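Trainee: Could you walk me through this model, one feature at a time? I would like to learn how to read each of them.

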Amino acid sequence: MADLDPFGAPAGAPGGPALGNGVAGAGEEDPAAAFLAQQESEIAGIENDEAFAILDGGAPGPQPHGEPPGGPDANSRKQETEWKEKAIKELEEWYARQDEQLQKTKANNRAAEEAFVNDIDESSPGTEWERVARLCDFNPKSSKQAKDVSRMRSVLISLKQAPLVH
């Protein structure tokens, strides 16, 4: 029986598959036919790989959970359990560090709040400007991106030295 291409044209016909010497009928080799022949050979290779997997005891096609066709071996299972144990241990350590950091932050915030409340409660006459001065930054070397507050700084310093009389 004559060789047929995928579209049913006999060998040697114009537009059919190339002859053994690389000449198709009267013209050049058809690129579409060459591409189809290449694809058929690749598909045949894939089908043969699945056939070997069936012979090895595996099932054809993709396996569940991305496992290889033969199934996971004992070494990979052991390695997976080691990784899981290591990950659980690291996660527990991370949670412990986070909890410790949270406790330190809470203690610092409580101390700062207590100092702030005590500072607000102590209000003796004549210490108002000293309290304002503690809240202000009188460092003349401030960032160049900040607004110029030198005049405000000088006013606050003069008020601290000579407070206004009520």
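Trainee: How many helices and strands does the chain have?

Mentor: Helices (H or I, at least four residues) and strands (E, at least two) are DSSP runs, numbered from the N terminus. Here the chain has four helices and zero strands, and along the sequence the pattern reads α-α-α-α. Keep in mind that this is a predicted model, where local features need pLDDT of at least 70, side-chain atom pairs count only at pLDDT 80 or more, and totals for chains, interfaces and linings use all residues. Residues are numbered from 1 along each chain as its sequence is written, and side-chain values use heavy atoms, with hydrogens and water left out.

Trainee: Which element has the lowest mean pLDDT, and which the highest?

Mentor: pLDDT is the predictor's confidence in each residue, from 0 to 100. Among the elements of this chain, helix α3 (residues 128-135) has the lowest mean, 72, while α2 has the highest, 93. For the chain, the mean is 74, with 60% of the residues reaching 70 or more.

Trainee: What share of the residues is buried?

Mentor: Buried means under 20% relative accessible area, exposed over 50%, and partly exposed in between (1.4 Å probe, protein chains only). By that rule, 7% of the 166 residues count as buried. Take Arg-153 in helix α4 (residues 150-161): its relative accessible area is 13%, so Arg-153 is buried. The C-alpha atoms of Arg-153 and Cys-136 are 8.3 Å apart, although 17 residues separate the two along the chain.

Trainee: And what share of the contacts comes from residues 24 or more positions apart?

Mentor: A contact means heavy atoms within 4.5 Å. Counting contacts with a separation of 6 or more, residues 24 or more positions apart account for 21% in this chain.

Trainee: Now the charged side chains. How many salt bridges does the structure hold?

Mentor: Side chains of opposite charge can pair when their charged atoms come close. The cut-off used is a side-chain nitrogen of Lys or Arg within 4 Å of a carboxyl oxygen of Asp or Glu. The structure holds two salt bridges. In one, Lys-84 pairs with Glu-80, with the closest N and O atoms 3.4 Å apart. In the other, Glu-100 pairs with Lys-104, and the closest N and O atoms are 3.6 Å apart.
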